[in-house]
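Work through the exercises below with the sequence and the model side by side. Try each task before reading its solution.

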Amino acid sequence: MDPIGTARDAELKQLTDIPIDDVLALLDGEPGDYRSLYYRWEKEQWAAGTLDLTEDRVEWPSLAPGVRSFLTAQLGWFGLGADRATRWLIPFVDAAPSEEQQVFLSTQLVDSARHSVLFDRIASEIFEDQDVWAHLPQRTSEGFKRLVEDLMPDVAQTLLDGSTSSFATGLALEHLVAVDALGLTLHKAAITLCDAGPVLRGIRTGLAAAVRDSTRHVAFTLRFLADATDRDRSVGETVRSALIDSPVGWDLLREVPCDGLPFTTDDLVETARARLDRSLMRVGVDPVG
């Protein structure tokens, strides 16, 4: 018996039915220091290759068209974002001020690679096609392409100046906007649809694991921003200004196909805005509204 594999399977089983709000609640407490976040990563390992997607493949064709449209867009964005993140996060690791911060950010590279493998499995075993863009309706792809192909690479480039404000701004755009406000909002909506069936238990479990990973990433930024703004209030103001001026706004969520679903694009935007403002207020920065 493989004890490591058994432990990873147990981690996935634990996430199969846990309410998604309980997973998101991992962000409610104190974010902890960088070493404790690293220890969380060690403890919360899971294997994308052990997810059973057999029933998901059987159930997929029978889902309502609106559900399939939403999930193909959401899962497609998730897969593309994970793939691109393994590239643009490297400058963040290099720019982190301390070794402990570099160590933790390196774990996010591993998480992003695991998430990319998860989507590759979904694309090949359920969609039967690994071309992620084939599953994104043209009208839903432009905003996300701007985020992953224009904004985030540009943000990573600004880290080269070595300033705390640039690093803090980059983290805020990556973790508070892309991962938390946009990503976790869409992940929760997708998991809610899976739970309503209940259907797609394999996909649901994988998304829940990705959400738990993401709470560590967001917690890292909350810790860094709280410390940085405590030392220098101008850092928070710089971050806030950058978020207001970001070329990728809430219009991205308005592109999501929500026809026939129990929520609207306005609901998604409202939830995402609330997530971002809540995070900013936790670290002593005025909300962007």
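**Exercise 1: The whole chain**

Task: find what share of the 289 residues in the protein chain is buried.

Solution. Buried residues make up 54% of the 289 residues in the protein chain. Buried means under 20% relative accessible area, exposed over 50%, and partly exposed in between, with a 1.4 Å probe and protein chains only. This is a predicted model, where local features need pLDDT of at least 70, side-chain atom pairs count only at pLDDT 80 or more, and totals for chains, interfaces and linings use all residues. Residues are numbered from 1 along each chain as its sequence is written, and side-chain values use heavy atoms, with hydrogens and water left out.

Next, count the elements. The chain has 13 helices and zero strands. Helices (H or I, at least four residues) and strands (E, at least two) are DSSP runs, numbered from the N terminus.

**Exercise 2: Helix α10**

Task: check the span of helix α10, residues 201-231.

Solution. Start with the rule: the expected span is 1.5 Å times one less than the number of residues. For the 31 residues of α10 that gives 45 Å. The end C-alpha atoms of α10 are 45 Å apart, which agrees. Now look at its surroundings. In α10, 26 of the 31 residues are buried, so the helix is largely enclosed by the rest of the structure.

**Exercise 3: Two partners of α5**

Task: describe how α5 packs against α9, then against α7.

Solution. Two packed helices are described by the angle between their axes and the distance between the axes. Axes are lines fitted to C-alpha atoms, for helices over the stretch in contact, and angles run from 0 to 180 degrees between N-to-C directions.

Take α9 (residues 164-196). Its axis and that of α5 (residues 65-88) come within 10 Å and cross at roughly 150°. The contact (heavy atoms within 4.5 Å) includes Phe70, Trp77 and Trp88 of α5 and Glu174, His187 and Leu193 of α9.

Now take α7 (residues 99-125). The axes of α5 and α7 come within 8 Å and cross at roughly 140°. Among the residues that meet are Gly76, Gly79 and Ala82 in α5, with Ser112, Ser116 and Phe119 in α7.

**Exercise 4: Glu44**

Task: is Glu44 buried or exposed?

Solution. First locate Glu44: the loop between α3 (34-43) and α4 (54-59). Then read its relative accessibility: at 11%, Glu44 counts as buried. Last, list its neighbours. Leaving out residues up to four places away in sequence, Glu44 touches Glu11, Arg212, Asp213 and Arg216.
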